[in-house]
Amino acid sequence: MPGLYDPPYIAVALGSIILGAFFGLIYDIFRIRRIAAAPSSPRKGGKLSPEAVLIFFEDIVFSIFASVAFILFTYVMSRGIIRAYSVICTGVGFAVYYFTLGRLTAKIAAAATAIIRRIIKSLLAIIMKPLIFAAKRAGKIIRKKRARAYTKKQMRLLLADASNGFAEPFLLKERK
């Protein structure tokens with residue numbers, strides 16, 4: 001039988017549902033970052049990727065935040081007594097958010113991320129085109145200079161041999 005000071009059950013249940021939806025919103029913040037990072041595989045070469053480790057710590061931070069927020073909510077709304085219907089209503093609020101607005105948020109985040117990646121890729125292509133052209137041009141100039149330097153060196157060696165009268169004309173020796 002409810003006592004005079006027991007909390008109104010409807011207010012606790014509705015507050016729990018709202019709290020669960022708030023937890024879903026906070027979880028979406030972490031999920032948007034995950035969608036933007038888009039890990040290809042949690043394990044690469046038998047080792048955990050840095051992205052998987054980051055996701056692990058994000059989950060721990062979210063769990064600690066949700067636990068503390070739920071405990072504070074319970075303290076304020078139910079005089080510190082954890083009630084089963086409050087836990088269930090919080091889970092229901094999270095699930096309702098996750099499977100409705102959460103899915104919509106994930107789709108929007110994935111589309112926005114794809115658009116941003118395309119824009120960045122296009123900008124990089126525009127920026128890199130002149131740089132690649134300049135690098136190719138510089139490579140051609142360097143190859144020409146090396147070829148000229150090699151030719152001058154060979155001319156100098158041949159002139160030195162010619163001044164000696166080509167004493168050993170068909171013996172090619174290593175020259176430094």
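## Salt bridges between and within helices

Arginine 31 counts as buried, at 14% relative accessibility (buried means under 20% relative accessible area, exposed over 50%, partly exposed in between, with a 1.4 Å probe and protein chains only). The model is predicted, so local features need pLDDT of at least 70, side-chain atom pairs count only at pLDDT 80 or more, and totals for chains, interfaces and linings use all residues. Residues are numbered from 1 along each chain as its sequence is written, and side-chain values use heavy atoms, with hydrogens and water left out.

A salt bridge here is a side-chain nitrogen of Lys or Arg within 4 Å of a carboxyl oxygen of Asp or Glu. By this rule there are 5 salt bridges. Among them are these:

| Pair | N to O distance |
|---|---|
| Aspartate 28 and arginine 31 | 2.7 Å |
| Arginine 34 and glutamate 58 | 3.4 Å |
| Aspartate 59 and arginine 34 | 2.3 Å |

Arginine 34 lies in helix H1 and glutamate 58 in helix H2 (residues 50-78), so their pair ties together parts 24 residues apart in sequence. Aspartate 59, in helix H2, and arginine 34, in helix H1, link distant parts of the chain, 25 residues apart. Helices (H or I, at least four residues) are DSSP runs, numbered from the N terminus.

Arginine 34 and glutamate 58 are both buried. Arginine 34 has 13% relative accessibility. Aspartate 59 is partly exposed, at 30%. A network of salt bridges links Arg33, Arg34, Glu51, Glu58 and Asp59.

Aspartate 28 and arginine 31 sit 3 residues apart in helix H1 (residues 9-37), which means about one helical turn separates them. Aspartate 28 is buried, at 3% relative accessibility.

Note on methods
Helix = DSSP H or I, 4+ residues; strand = E, 2+ residues; numbered from the N terminus.
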